[in-house]
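Please keep the sequence and the model in view while reading.

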Amino acid sequence: MKAEILCVGTEILLGDIVNTNAVFLAQELARMGISVYHQSVVGDNSQRLKSCLQHSLEQSDLVITTGGLGPTYDDLTKETVADLFGLEMELNEESLRDIRAYFKKLNRPMTDNNIKQAMMPKGAIILKNENGTAPGLIVEGKGKAVVLLPGPPREMKPMFLHGVLPYLSRYIQGTFISHNIHVFGIGEAQVESMLRDRMEALTNPTIAPYAKEGEMLLRITAGAETPEKADAMISPLIEEICGLLGEHVYGVDVGSLQTAVVQELSKRHLHIATAESCTGGLISKRITEVSGSSQVFDCGVCSYANEIKQRIVGVSEETLARFGAVSRQTAAEMAAGIRRLSHADIGISTTGIAGPGGGTPEKPVGLVYVGVDCPWHQEVLELKLSRDFPEERELIRWLASSHALYLALQTIRKYSKQV
């Protein structure tokens with residue numbers, strides 16, 4: 001079965017909102033073994049929407065739309081689908097009762113234009129909305145189906161899971177399972193050269209590389225009758241790739257560097273603290289985005305000023321005078337100082353020149369030092385992060401924070417070898 005995803009909304013085309021609906025739907029359909037070959041976005045215009053739907057139905061068996069089910073004049077998805085299938089619109093009394101009950105529950109008045117949301121193409125399958133006023137629906141005809149879902153994710157997701165999944169279960173002919181290998185510290189070209197023969201030869205499972213900022217992801221996907229059989233096909237390949245890439249693999253299905261760091265700290269009952277200059281608290285932010293980080297993250301000091309580096313973090317006046325704030329020595333003392341201050345097991349530091357100004361021939365923009373200090377390991381990395389893009393301040397800061405997290409992760413894993 002071939003499917004397409006068509007998201008409706010001028011606000012998506014303008015970039016006012018991020019289209020997370022397509023990501024969710026594609027993932028859920030893949031789990032069911034339904035192939036998604038195309039995704040589209042169209043604005044709130046009946047003629048353009050009709051044209052997109054016609055094209056989608058010519059090449060796919062199933063089209064899932066999100067958006068355009070609201071009460072206003074430019075919410076046209078239902079009407080456009082009804083016109084395309086030659087169906088009349090009629091009032092669905094049960095939907096109207098549900099909408100009125102929803103407004104009553106919120107203790108808000110219902111306006112007349114909300115009645116429009118209860119108007120449905122004749123013969124449509126109605127999908128209840130427990131989280132909003134717009135019911136969803138399914139329209140069938142000529143061996144095709146269009147599923148219409150509301151745009152807000154908090155309404156769309158539960159409606160899909162509780163209403164659309166049971167409907168689509170009749171079409172399930174297996175499942176697709178994917179696992180993600182997260183890679184850091186090795187370039188995409190090098191990884192591709194190491195795995196190219198396998199990428200070209202394999203058809204099930206498959207290997208797909210995705211470049212990210214400063215790291216990459218290898219998605220391993222297999223199709224089989226059951227999730228268990230798909231996993232059995234994938235596991236040996238994951239083991240082989242992890243063996244080839246070694247320490248550059250920071251996790252499988254772990255999500256992010258910061259998640260891997262928090263998980264490894266939690267596993268070993270260790271605590272970490274940060275002293276940041278050029279990254280301005282970005283490492284702390286990334287760590288504390290992870291649920292459970294409060295059990296392993298003690299504190300972070302954003303020591304931008306030299307006075308703070310000296311007075312709070314404990315960098316010596318002599319070090320700052322002799323080597324400067326951006327130096328291997330300062331990074332080392334910052335990492336050691338924040339560990340003493342916090343009594344954490346591991347101290348991480350960053351100091352550098354994020355640009356676009358402030359660089360010199362001796363210390364150019366993009367020069368960053370990342371330090372780690374703990375009883376079993378001390379190290380300072382020298383990074384040159386802007387050879388090609390000296391003006392990209394935020395990219396330099398992000399890459400520096402990623403290198404700091406990766407260094408922390410390597411250090412944490414060395415702990416297990418010491419005990």
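Predicted model: local features only at pLDDT ≥ 70, side-chain atom pairs only at ≥ 80, totals over all residues.

The lining of the largest pocket comprises 17 residues, and Ala26, Gln27, Ala30, Ser178 and Arg219 lie nearest its centre. At least two lining residues come from each of α2 (20-32), β2 (35-42), β9 (175-184), β10 (206-212) and β11 (215-224), where helices (H or I, at least four residues) and strands (E, at least two) are DSSP runs numbered from the N terminus. Sorted by class, the lining has 9 nonpolar, 6 polar and 2 charged residues; Ala, Val, Leu, Ile, Met, Phe, Trp, Tyr, Cys and Pro count as nonpolar, Asp, Glu, Lys and Arg as charged, and the others, Gly among them, as polar.

Residues are numbered from 1 along each chain as its sequence is written. Local features need pLDDT of at least 70 and side-chain atom pairs count only at pLDDT 80 or more, whereas totals for chains, interfaces and linings use all residues, and side-chain values use heavy atoms, with hydrogens and water left out.

| Helix pair | Angle between axes | Axis distance |
|---|---|---|
| α2 and α6 (153-168) | roughly 20 degrees | within 11 Å |
| α7 (188-201) and α8 (227-245) | about 150 degrees | 11 Å |
| α11 (306-313) and α13 (328-342) | about 40 degrees | 9 Å |

Helix α2, which also contributes to the pocket lining, is therefore roughly parallel to α6, given that angles under 35 degrees count as roughly parallel, over 145 as roughly antiparallel, 65 to 115 as roughly perpendicular and the rest as oblique. The crossing of α2 and α6 is right-handed, a term used if the near helix is turned clockwise from the far one by less than a right angle, with anticlockwise giving left-handed. Contact, meaning heavy atoms within 4.5 Å, involves residues including Phe24, Leu25 and Leu29 in α2 and Phe160, Leu161 and Leu165 in α6. The residues of this contact divide into 10 nonpolar, 2 polar and 2 charged.

For α7 and α8, the angle of about 150 degrees makes the helices roughly antiparallel, and their crossing is right-handed. Val191, Met194, Leu195 and Arg198 of α7 meet Glu240, Ile241, Leu244 and Leu245 of α8, a contact with 6 nonpolar, no polar and 2 charged residues.

At about 40 degrees, α11 is oblique to α13, and the crossing of these two helices is left-handed. Lys309, Ile312 and Val313 in α11 are in contact with α13 residues, among them Glu333, Met334 and Arg340.

Finally, some loops hold backbone features. A cis peptide bond with omega of about 5 degrees joins Asn204 and Pro205, and Pro205 lies in the loop between α7 and β10. Another cis bond runs from Gly355 to Pro356, with omega near 0 degrees, and Pro356 lies in the loop between β15 (346-352) and β16 (367-374).

Key:
Axes fitted to C-alpha atoms, helices over the stretch in contact; angles between N-to-C directions. 1 Å grid on protein atoms, 1.4 Å probe; cavity = no way out; pocket = protein on both sides within 12 Å on 5 of 7 lines; lining within 4 Å.
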